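User: Hi! I have a structure open and would like to talk it through with you. Here it comes.
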Amino acid sequence: MWLPLLFLIIGVTLGILTDIRIPDAYSDYLSIAVLAAFDTLLGGIRAQLEKNFDDTVFLTGFFFNITLAAVLAFIGVQLGVDLYLAAVFAFGVRLFRNLAMIRRMVIDQKLLTKFRKK
Amino acid sequence: MKRSTQWLVAIVFLVIGFMVAVQFQTTSHEAQVRETRDVWEVREELKRQQEQQQELLDKIAIADQTIEDYDRSSSRDQLETLKESIESLENKIGLREKEGKGLEMTIRPIFDEEAIGQEYPKISPHLLSRLLNELNTYGAEDVSIGNERFTTLSPIRDVNGATYVNNRPIGSLPMSIKVLANDAEKLQDYMEASPIQDIFNIDNMEIIFERKEQLVLPKFDEPLHLETLEEAGG
């Protein structure tokens, strides 16, 4: 558990220390990539709790989601339609659903253990 | 969880952390307006501000002096002070004749001997306005056009094809424009180098400059219509 946290901290520190700033034109891409990353992360946690976690699925999901989001945003810019909003919406919905499932599973596990104790 | 999986998740976390940090930096630095002036520009700005401050202080000193005169003196002296104030104000807005050194500009027609049926050139209101703008840009203080003193209230208008200043026609060319300026030489240099010459040449006119030590500008003799002006606060 400590390893991902440590790496998260390292990543944030790196990002702040390198002082990189994305030009305005590309900030949409980055925001959507961050969203996709969160989505994949929560999906991974859910899969872990459901006990069907798979490295390959996780890794490909991570990169595929980010790429798809970026492509969608790019096409949107080319067509003059805010297509990246579609990605934001999709990822947002999935984020909430994954979170809800995780919550339920955690609660279920706790309740179950309580019942068993009784 | 397998060891390799843990590392994988950790690396994904690293990437996420990095992206979040970059995103955070991008959004948090947007609002700042960058200071792009170099030292010299800042110094110039500072100098400008100091000059402005000095100017304001001078004005305050003069106003204070006037107030003091009113306070101190008897009613007769007060009357004198009032008259002085009025005189200086009238001088300022052009209600009195004014003498000084400056530039006399004569606008003359250019005639091409070959051209037959050439129209006698006349100065249009636009052209005149442009000329006055240039003069004011380059430091003219008081201007008279022909026999008309040009003040802040002077209109330049087109009335049935003739150009009117102060509601009177300026007459035909040649015409003289008298300009008082602190530094008449500089004004002349500026005017000779400015594109206004070419614009006049297009309309078959030329401007001849003559620097004079003694110029007399007529006074503005129309009644002042100040309906749209309001008393300044303070």
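User: Which residue stands opposite B:Ile107 in strand 7 of chain B?
Analyst: That would be B:Met175. A word on ground rules: this is a predicted model, where local features need pLDDT of at least 70, side-chain atom pairs count only at pLDDT 80 or more, and totals for chains, interfaces and linings use all residues. Residues are numbered from 1 along each chain as its sequence is written, while chains are lettered from A and ligands numbered from 1 in the order in which they are written.

User: Thanks! How many bridges join strand 1 of chain B to strand 7?
Analyst: Six, and the two run antiparallel; strand 7 covers residues 175–181. Strands here are DSSP runs of E with at least two residues, helices are runs of H or I with at least four, and both are numbered from the N terminus. Two strands pair if DSSP finds at least two bridges between them.

User: And what about strand 8 of chain B, how does it pair with strand 1?
Analyst: Strand 1 (residues 98–109) and strand 8 (residues 205–217) of chain B are antiparallel too, over eleven bridges. One of the pairs there is B:Gly102 with B:Lys212.

User: Which strands form the open sheet in chain B, and in what order?
Analyst: The order is 4-5-6, with antiparallel pairing. Strand 4 (156–159) and strand 6 (168–169) are at the edges with a single partner strand each, so one side of each has no neighbour in the sheet.

User: What packs on that sheet?
Analyst: Helix 4 (residues 125–137) of chain B does, touching strand 4 and strand 5. Its direction makes about 170 degrees with that of strand 4, taking axes as lines fitted to C-alpha atoms (for helices over the stretch in contact) and angles from 0 to 180 degrees between N-to-C directions.

User: Switching topic: how many residues of helix 2 in chain B are buried?
Analyst: Zero of its 34 residues. Buried means 20 or more other C-beta atoms, placed from the backbone, within 10 Å of the residue's own; 12 or fewer is exposed, and in between is partly exposed. Helix 2 (residues 39–72) reaches 48 Å from first C-alpha to last, close to the expected 50 Å, which is 1.5 Å times one less than its number of residues.

User: And what is in chain A?
Analyst: Four helices and zero strands, with buried residues making up 23% of its 118 residues.

User: How many residues does each chain bring to the contact?
Analyst: Chain B gives 22 and chain A gives 26, where contact means C-beta atoms, placed from the backbone, within 7 Å.

Note on methods. Contact = placed C-beta atoms within 7 Å.
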